[in-house]
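Visitor: I'm new to this one. Can you walk me through it?
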Amino acid sequence: MPLYNGTFDESGYRYRRGIEDRRTAAAIQLCRCSGVVTQHLRSKDVLAMVAVTLGFVFLFIAIAGGLRSVEVGLQNTQKIYIHNPWLCAVISYAVALIGFSIFLAVAAVVSDPPWPTWADVRNMPWWAPFGGLVGGVAVVGMITVARYVGIATFNAVVITSEMLVALVMDDLGLMGFAAREVTPLRLVAAGLITGAVVLMARSSTKPVSVPERDAILEEAL
């Protein structure tokens with residue numbers, strides 16, 4: 001079996017020896033970033049580590065997706081007691097700032113995390129730090145409107161909009177991502193997910209009485 005020396009070309013997508021498939025090489029690079037690929041590995045070992053690493057990646061994504069529903073519940077509960085949606089958003093981000101500051105401090109003590117240079121900061125696009133603010137739109141949505149449609153429908157609509165925007169970003173290779181062509185199969189998957197959202201919304205709709213309608217309108221105004 002061929003040996004792989006762990007050297008990537010300048011594009012970072014493929015090995016100079018033995019591997020020509022960009023997707024496989026990118027997965028192996030992910031393994032190297034996770035510290036599981038050593039300097040010399042046989043192809044069977046590489047493929048096994050790729051499978052295990054990708055399994056953990058998808059498990060992490062699934063857990064993060066489940067926690068998103070929990071987040072909707074937390075934001076809705078906070079709105080019930082705090083009342084002001086903007087104050088709720090500030091509190092949420094303040095708690096997140098404290099939490100991630102603690103994680104950063106712990107990581108700096110127990111490991112050697114990478115730190116940017118001044119050149120990295122100067123070369124970073126001006127819009128890159130606005131991720132949290134853009135994500136705040138979703139947080140405000142959780143606080144203000146999720147309770148009117150339910151967690152399932154809210155998340156279904158969010159996932160659909162995320163997927164459609166992501167397809168365009170993938171196809172154009174925007175914001176630092178490698179271009180991934182929008183194939184007919186991906187479009188079919190997008191259509192099926194959109195159809196599922198429609199069914200979810202219709203099954204979640206319930207008649208609203210006049211007093212409930214008036215209370216909703218009064219709170220919105």
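Guide: Here is a short tour, from the overall fold down to single residues. Keep in mind that this is a predicted model.

Visitor: How many helices and strands are in the chain?
Guide: The chain has nine helices and two strands. Along the sequence the pattern reads β-α-β-α-α-α-α-α-α-α-α.

Visitor: And how much of the chain counts as buried?
Guide: Of its 221 residues, 19% count as buried. The chain exposes about 16000 Å². Carbon and sulfur atoms supply 70% of that area.

Visitor: Which residues make the largest nonpolar core?
Guide: There are five: V72, M142, A146, F154 and V158. As a rule, nonpolar side chains in soluble globular proteins tend to be buried together.

Visitor: Take M142. What is M142 in contact with?
Guide: Leave aside neighbours within four places in sequence. Then M142 is in contact with R68, E71, V72, Q75 and F154.

Visitor: R68 has a charge. What does the side chain of R68 meet in a salt bridge?
Guide: The partner is E162, at 3.5 Å from N to O. R68 sits in helix α2 and E162 in helix α7, so the bridge ties together parts 94 residues apart in sequence. R68 is partly exposed, at 23% relative accessibility. E162 is partly exposed too, at 40%.

Visitor: How many salt bridges does the count come to?
Guide: Two. The other pair is D170 with R186, whose closest N and O atoms are 3.2 Å apart. D170 is in helix α7 and R186 in helix α8, 16 residues apart.

Visitor: Why does D170 count as buried?
Guide: Its relative accessibility is 16%, and buried means under 20%. R186 is partly exposed, with a relative accessible area of 29%.

Visitor: Switching topic. How many aromatic pairs does a search of the whole structure find?
Guide: Two. In one, the ring centres of F100 and F103 are 5.8 Å apart and the planes stand at 80°, so the pair is edge-to-face. Both residues lie in helix α3, three residues apart, about one turn of the helix. F100 and F103 are both exposed.

Visitor: How far apart are the ring centres of W126 and F130?
Guide: They are 6.1 Å apart. The planes are at 75°, so this pair is edge-to-face as well. W126 is exposed, with a relative accessible area of 67%. F130 is partly exposed, at 40%.

Visitor: Which residues make the nonpolar surface patch?
Guide: W126 and F130 are among them. Helices α5 (131-144) and α7 (151-172) each give two or more residues to the patch.

Visitor: Where is F177 found?
Guide: F177 is in the loop between α7 and α8 (184-204). F177 is exposed, with a relative accessible area of 51%.

Visitor: One last thing. What is the phi of H83?
Guide: H83 has a positive phi of about 75°, although H83 is not a glycine. Most residues other than glycine have a negative phi.

Visitor: Where is the place of H83, and is H83 buried or exposed?
Guide: H83 is in the loop between α2 (43-82) and α3 (85-110). H83 is exposed, with a relative accessible area of 56%.

Terms used
Residues numbered from 1 in each chain as written. Heavy atoms only, no water. Patch = residues over 30% accessible without salt bridge, like charges linked within 9 Å, V, L, I, M, F, W, Y side chains within 5 Å. Areas by Shrake-Rupley, 256 points an atom, 1.4 Å probe, with all protein chains shown as cover. Salt bridge = Lys/Arg side-chain N within 4 Å of Asp/Glu carboxyl O. Helix = DSSP H or I, 4+ residues; strand = E, 2+ residues; numbered from the N terminus. Buried < 20%, exposed > 50% of the residue type's maximum accessible area, 1.4 Å probe, protein only. Core = buried A, V, L, I, M, F, W, Y, C linked by side-chain atoms within 4.5 Å. Contact = heavy atoms within 4.5 Å. Phe/Tyr/Trp six-rings, centres within 6.5 Å; stacked < 30°, edge-to-face > 60°.
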